[in-house]
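Let's take a walk through a protein model together. Keep the sequence and the 3D view open while you read.

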Amino acid sequence: MPTTAPPFLRPHDQVAIVCPARSASHQELAAAVAVLESWQLRVVLGESTNSTHHQFGGDDGLRRRDFQQQLDNPEIRAILSARGGYGTTRIIDQIDFSSFAKNPKWVAGFSDITTLNCHLLALGHQSIHGVMPLLFEQSGGEESLESLRRALFGEQVRYEVAPHSLNRFGTATGELVGGNLSLLQTLTGTRSDVATAGRILFLEDIDEYLYAIDRMMVHLDRTGKLQNLSGLLVGHFTNPQDNTIPYGQTPNEIIQHYAAKHDFPVAHGFPVGHEPQNMALICGRPARLTVDAAGARLAYV
């Protein structure tokens, strides 16, 4: 069944920033508010954006209540997660998406927000995997920020990536699915789990031990997530960790080991993840991936 795309934003639409995971203060978000206002959007800061409970943006009840309020408010046309970290899985099962289903809106974020991207996709709705407000002003991230704006406003995008020695050539068409590798593993078997067959999977992560990346790839492979993929995008694996005795493979080599068991095009070095170059991808949107000697190209269809 095709996924549903919320209406794209228009000037003067109202958007909300919330913290379903870690905390972020109004001061930390001031620059992002200015950026969104420069896009001619009106910005609402949810209660969770100026609340703290240990490392979270308020306790579970507050974060859930804030997200639910923005989800149910018909005046809010998009919800941006201020930051990731950890905490979205603690509240996802208590959120009611029935009003959202009748009046869908864009939800955007990445990292821990992979939980929301996948949960919405499991319900049949598209969402945006992209840079979050706390990172709007990071040096070198201007292209990523522009890609988020284009995604929110429904403008055309086409990504071109340089050749990589581990790429596998071919053409793939399918809906985009994926995000943070550790979250994808965590969501397996839950109500937020998503099917990958016939889809283009993208992966990224940060601060993970090399053996843990291998273990998670084993899990994806054993649970059938790599079987019948249409294509694979390998994004940033930032700051990988190692033990005293080296693991002996890079993150890309580990992933390629498992991709080699199957027959689909693979594009390494895709600009998505915990780096300034983190291009927005619309989860659930059909796309075409082409990988050849000139590199990789991704465009929506």
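Let's begin with asparagine 228, which you'll find in the loop between helix H8 (210-222) and strand E9 (231-238). A word on those labels: helices (H or I, at least four residues) and strands (E, at least two) are DSSP runs, numbered from the N terminus. Before going further, note that this is a predicted model, where local features need pLDDT of at least 70, side-chain atom pairs count only at pLDDT 80 or more, and totals for chains, interfaces and linings use all residues. Residues are numbered from 1 along each chain as its sequence is written, and side-chain values use heavy atoms, with hydrogens and water left out.

What is the phi of asparagine 228 near? It is near 65°, a positive value in a residue other than glycine. Most residues other than glycine have a negative phi. Asparagine 228 counts as exposed because its relative accessibility is 55%; the cut-offs are under 20% relative accessible area for buried, over 50% for exposed, and partly exposed in between (1.4 Å probe, protein chains only).

Asparagine 239 also has a positive phi, near 50°. Its place is the loop between E9 and helix H9 (251-259). With 45% relative accessibility, asparagine 239 counts as partly exposed.

## Strand E4 and its partners

Now look at strand E4 (residues 106-109), which is covered on both faces: Trp106 and Ala108 are buried on one side, Val107 and Gly109 on the other. E4 pairs in the parallel sense with strand E3 (residues 76-81) over 3 bridges (two strands pair if DSSP finds at least two bridges between them). Here tryptophan 106 in E4 is the bridge partner of alanine 78.

E4 also runs parallel to strand E5 (residues 127-129), joined by 2 bridges. In this pairing, glycine 109 stands opposite histidine 129 in E5. To get from E4 to E5, the chain passes through helix H5 (residues 114-122), and this β-α-β crossover is right-handed. That term applies if, with the strands pointing away from the viewer, the path from the first strand over the helix to the second runs clockwise.

## Helix H5 and what follows

Helix H5 is mostly covered, with 8 of its 9 residues buried. Among them are Thr114, Leu116, Cys118 and Leu121. After H5 comes glycine 124, with a positive phi near 95°.

Histidine 125 sits in the loop between H5 and E5. Is histidine 125 buried or exposed? It counts as buried, because its relative accessibility is 8%. The C-alpha atoms of histidine 125 and threonine 3 are 5.2 Å apart, although 122 residues separate them along the chain.

## Rings that meet

Rings of Phe, Tyr and Trp (its six-membered ring) pair if their centres lie within 6.5 Å; planes under 30 degrees apart count as stacked, over 60 as edge-to-face and the rest as tilted. By this rule there are 6 aromatic pairs. One of them joins tryptophan 39 and phenylalanine 136, a tilted pair at 6.2 Å centre to centre with 35° between the planes. Tryptophan 39 is in the loop between helix H1 (26-38) and strand E2 (42-45), while phenylalanine 136 is in the loop between E5 and helix H6 (142-153), 97 residues apart. Tryptophan 39 counts as buried at 13% relative accessibility, and phenylalanine 136 counts as buried at 4%.

Tyrosine 159 and phenylalanine 270 have ring centres 6.0 Å apart and planes at 80°, so this pair is edge-to-face. Tyrosine 159 is buried, with a relative accessible area of 8%, and phenylalanine 270 is buried, with 1%.

## Empty space

Rolling a probe the size of a water molecule over the atoms shows where empty space is left. On a 1 Å grid over the protein atoms alone, a cavity is a set of points where a 1.4 Å probe fits but cannot get out, and a pocket is an open set with protein on both sides within 12 Å along at least five of seven lines; lining residues have an atom within 4 Å of a point. Grid points are joined across faces, edges and corners, and a volume is the space filled by probe spheres set on the points.

The largest pocket has a volume of about 350 Å³. Of its 21 lining residues, the closest to the centre are Gly84, Gly85, Ser111, Asp112 and His274. The whole structure holds 2 cavities of 30 Å³ or more, and the largest cavity has about 70 Å³ of space. Its lining includes Cys118, Leu184 and Lys225.
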